[in-house]
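My entries follow in the order I made them.

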Amino acid sequence: MDKILNRVSNLVLLVTIAASYLMWVVGIGTKTTSFIYENSVYLLAAAIVFVLLLKVKELTKNDWILIFLAGGIFIFYTVTSSIRHSNRFINVSIPLIILFLLCFKKARFTKQDFGLLGGITGISLGVTLYRIYTELPKLVPADAIWKNSNKLEAIWINTNTIGMTLLLSVIMLTSLIKSFNVGYFKLLVIPIYASGLMAIWVCQSKASLGALVLFILIDNVIPKKLLQNNYVLLSCFSLMFSLGPIVFYAFSKSDTLNLFTGRERIWAEFFEKWFSSSQNMLIGMEPFTASWKSLGTHNSYIYVLGNYGIIGYILIFGVLLYLLSSNIRKKRNLSLFQVSLFLGFLAICVQSTMEETLLANYWIPIVYAFVGIALQKSEESPLE
């Protein structure tokens, strides 16, 4: 019976990932994808509740603490919603992330599940590459596609969204391929890396391109024995989460530092408004929009500070660090597959310095699957 319940919960988690990819690969203009996009919060919440009910007998004291913490966070930000001019979709993001990670942590993926995940990811990547190949020439002259002056806002959907889809699918698919010790099968990562880099380049999604280059270099150049030490990766995440806002503030105030994206101007206006009130700083303020154009913070860390304040920032990144440190408490080195997954999430965190990816409800299933899978105890290891 336990195996059946585990199989059902695994399939539900995989369906949330497939649904998230479906929106960006097909576009949100169809009835199905539009429905998923508009109701992503409710659908994800229903999936989480269903999985936790299936796993209720396996929940430990620490798991229940996380559940009550998520509930308390939702209640707190719902009660303060009126003074922050917030909404239920913003209020529920942190609880959804915590509970989704808990669902994955309690799951036990088998080789069949990893195969399905590879299939979902591979189809997403393949269809996205095909659509770029067939649809981009209709919008851009063939001799201009590779030029840096190619500044399309969208192909079938926002080009930054396509870039993010490519980034996530390339990282997950290559991590899965490398985890199976099947002769020359691992060589498949080379054409996948190349096609992903080229596709992101023609989309001109600079943040995703930089994140993918970073992942490829670290995952293939730095000795894995060094990264298998639990403290190394945890230190990287700790530094990013704690120093990130300070670095972004420095960019916003500097006349010499330039990211060549115009985001410094957005961040400067944000911090001016955020520092204007202790309430803004502690529990958050109304959703930020730049005064000269309808632009958000374009930064996940600043987005958290703006919508949830310092309290929310400590809560969400504190929980992430707590879960990431769980392997340290087990006193065993990370597997090669776990290292690649955590490096993938690190690359996403880097990309999130330019986008609000970490807190976007419709990205949660794909983004946090990297952490969730790395935390779970598999019934059958996909590793060599």
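I count a contact when heavy atoms lie within 4.5 Å. This is a predicted model, so I ask for pLDDT of at least 70 for local features and 80 or more for side-chain atom pairs, while totals for chains, interfaces and linings use all residues. Residues are numbered from 1 along each chain as its sequence is written, and side-chain values use heavy atoms, with hydrogens and water left out.

**Entry: S175**

I looked up what S175 touches. Leaving aside neighbours within four places in sequence, S175 is in contact with F215, F337 and S340. S175 lies in helix 9, residues 159–179. Helices here are DSSP runs of H or I with at least four residues, numbered from the N terminus. Is S175 buried or exposed? I call a residue buried under 20% relative accessible area, exposed over 50% and partly exposed in between, with a 1.4 Å probe and protein chains only. S175 has 2% relative accessibility, so it counts as buried.

**Entry: helix 13 and helix 18**

Two packed helices are described by the angle between their axes and the distance between the axes. My axes are lines fitted to C-alpha atoms, for helices over the stretch in contact, and the angles run from 0 to 180 degrees between N-to-C directions. Helix 13 spans residues 230–253 and helix 18 spans residues 336–351. Their axes come within 11 Å and cross at roughly 15°. I sort angles as roughly parallel under 35 degrees, roughly antiparallel over 145, roughly perpendicular from 65 to 115, and oblique for the rest. Helix 13 and helix 18 are therefore roughly parallel to each other. Helix 13 passes helix 18 in a left-handed crossing. Left-handed means the near helix is turned anticlockwise from the far one by less than a right angle; clockwise would be right-handed.

Which residues of helix 13 meet helix 18? They are L233, C236, F237, M240 and F241. On the helix 18 side I find V339, F342, L343, F345, L346, C349 and V350. By class, the contact of helix 13 with helix 18 has 12 nonpolar, no polar and no charged residues. My classes: Ala, Val, Leu, Ile, Met, Phe, Trp, Tyr, Cys and Pro are nonpolar; Asp, Glu, Lys and Arg are charged; the others, Gly among them, are polar.

**Entry: cysteines**

How many disulfides are there? I require a pair of cysteine sulfur atoms within 2.5 Å. By that rule I get zero disulfides. I checked C349, from the helix 18 side of the contact above. The closest cysteine sulfur to that of C349 is in C236, 11 Å away, too far for a bond. C349 is buried, at 0% relative accessibility. C203 is also buried, with a relative accessible area of 2%.

**Entry: helix 10 and helix 11**

Helix 10 covers residues 189–203, and helix 11 covers residues 206–221. I find an angle of about 160° between them, with their axes 9 Å apart. That makes helix 10 roughly antiparallel to helix 11. Their crossing is left-handed. From helix 10, Y193, G196, L197, I200 and W201 take part. They meet S208, L209, L212, V213, F215, I216, D219 and N220 in helix 11. The contact of helix 10 with helix 11 divides into nine nonpolar, three polar and one charged. F215 is one of the residues that S175 touches.

**Entry: positive phi**

Most residues other than glycine have a negative phi. I noted two with a positive value.

- Q204 has a phi of about 60° and is not a glycine. Q204 sits in the loop between helix 10 and helix 11. At 13% relative accessibility, Q204 is buried.
- H85 has a phi near 55° and is not a glycine. H85 is in the loop between helix 5 (81–84) and helix 6 (88–91). At 54% relative accessibility, H85 is exposed.

N280 lies in helix 15, residues 278–283. N280 is buried at 10% relative accessibility. Beyond four places in sequence, N280 is in contact with K273, W274, M285, L305 and G309.

W292 is in the loop between helix 15 and helix 16 (300–324). W292 is partly exposed at 33%. Not counting residues up to four places away in sequence, W292 touches R265, I266 and E269. I also took a C-alpha to C-alpha distance: W292 and V182 are 55 Å apart in space and 110 residues apart in sequence.
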